[in-house]
Amino acid sequence: MTSSSVWPARLHEAAAWRRAEGLWRERRTLQAGLIDFAGNDYLGLKGDPRLAESQAAAAREYGSGTGASHLVTGHLEVHETLERRLAELVGRPRALLFSTGYMANLGTLQALCDSHTLVFQDRLNHASLIDGAGLAGARSRRFHHRDHDDLERLLCRAPPETPKLVVSDGVFSMDGDVADVAALAAVSARHGAWLMIDDAHGVGVLGARGDGCVGRAHGHESVPILVGTLGKALGTAGAFVAGSEALILHLMQFARAYVYTTAQPPGVAGASLAALDILAAEPERRDRLRRNISYFRHEAALMDLPLTDSFTPIQPLILGAGARVMQWAARLREAGLLVGAIRPPSVPRGEDRLRITLSASHSTTQLDVLLDALSRMQRKLTA
């Protein structure tokens, strides 16, 4: 085989393997008219006209793009204001904007860790956290999901002088359960480890002010590194890292994903400021979301639908077989309902599921349409 044919052959083999395993992923263009139970627009903000108006106003004032990284000429007043507001939301001295949540996690772990660092990660952490530690060359240890005794055991084996970092999702994106932040902070403190929480799915949803599962309940002394996103409950795009002045200055100097990336478009920053205003002024959105979660789970329990134990907007329906997941998702789509079909490697093999996500924007009628469709498929399955 010539060198020019090696790469096409590799691509063909990889595609053939994934198709044979039943794991091939299809990208679909979202169709108008589908009720979205797959996205992460938990507060129903992405379509709010106030965000669109603020985005347009910021674009008119600053331009459509920034033209450079934050450290060159890309850092604008609207970014500075947004960072300050985000820090206030989560009760931290400072915050730093990143283009995406994935880049925030990669940049933070790359800047803090090296081959001498031990990173202890929950087994169900998001891929960006796993990849970030690998990019840094750090040695990773995976503890059983939400098992603090297992984490303690692993930390006890670590040399005392070795830099240690404990990393966990706040809300786990595929299961919807929530980390015990207080327990993680206590174990980390006993072993001189820093704690990093990625609260992408908690910010805007959990906490007394929508400040997440960490926020003001756990200060930066117990959770030194907090990551949040703007692209889920806040309805825009981008992410941030919040913590001490020293942490943020360190990331500004050493996080390559920050230093070498064009700054977030000013319109997006303007829309994010509008989202923060709405978050503060309209707590009824979170109340409505909680009512939707409670109603959906109550009705699903009456139908014996196999939901996981989650009180967040993420409501996984475990079906086990990938073919069944794809079949149910297709039938739901035919009924006008968009639900995520999740298979390995996003979840462990044999735990294929429908990832149902709820929003404050869903009406009771829409929830009933989804429940009725799920009930009909459940009856066919058990018939």
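Helices and strands are here DSSP runs, numbered from the N terminus. The model on display is predicted.

**First stop: a residue with positive phi.** Select R146, in the loop between β4 (139–143) and α7 (148–157). R146 is not a glycine, yet its phi is positive, at about 55°. Most residues other than glycine have a negative phi.

**Second stop: a parallel pair.** Display strands β5 (residues 164–169) and β6 (residues 194–198). The two run parallel and are joined by five bridges. Within this pairing, V167 has M196 of β6 as its bridge partner. Strand β6 is mostly covered, with four of its five residues buried.

Returning to L354, its contacts beyond four places in sequence include P316, L317, L319, W328 and L374.

Select T308, in the loop between α12 (284–302) and β9 (314–320). T308 counts as buried because its relative accessibility is 17%, under the 20% limit. Leaving aside residues up to four places away in sequence, T308 touches D175, R297, P316 and I318. Next, select D304, which is in the loop between α12 and β9. D304 has a relative accessibility of 60% and therefore counts as exposed. Its phi is positive, about 60°, although D304 is not a glycine.

Move to P344 and P345, which are joined by a cis peptide bond with omega of about 10°. Most peptide bonds are trans. P345 is located in the loop between β11 (340–342) and β12 (352–357).

**Last stop: the cavity.** One cavity of 30 Å³ or more is counted, and the largest cavity has a volume of about 50 Å³. To display its lining, select H70, L97, F98, S99, A257, Y258, T261, T262, A263 and Q264. Strand β2 (94–98) and helix α10 (256–259) each supply at least two residues of this lining. Which classes of residue make up the lining of the largest cavity? Five are nonpolar, five are polar and none is charged.

Methods:
Residues are numbered from 1 along each chain as its sequence is written. This is a predicted model: local features need pLDDT of at least 70, side-chain atom pairs count only at pLDDT 80 or more; totals for chains, interfaces and linings use all residues. Side-chain values use heavy atoms; hydrogens and water are left out. On a 1 Å grid over the protein atoms alone, a cavity is a set of points where a 1.4 Å probe fits but cannot get out, and a pocket is an open set with protein on both sides within 12 Å along at least five of seven lines; lining residues have an atom within 4 Å of a point. Grid points are joined across faces, edges and corners, and a volume is the space filled by probe spheres set on the points. Ala, Val, Leu, Ile, Met, Phe, Trp, Tyr, Cys and Pro count as nonpolar, Asp, Glu, Lys and Arg as charged, and the others, Gly among them, as polar. Contact means heavy atoms within 4.5 Å. Buried means under 20% relative accessible area, exposed over 50%, partly exposed in between (1.4 Å probe, protein chains only). Two strands pair if DSSP finds at least two bridges between them.
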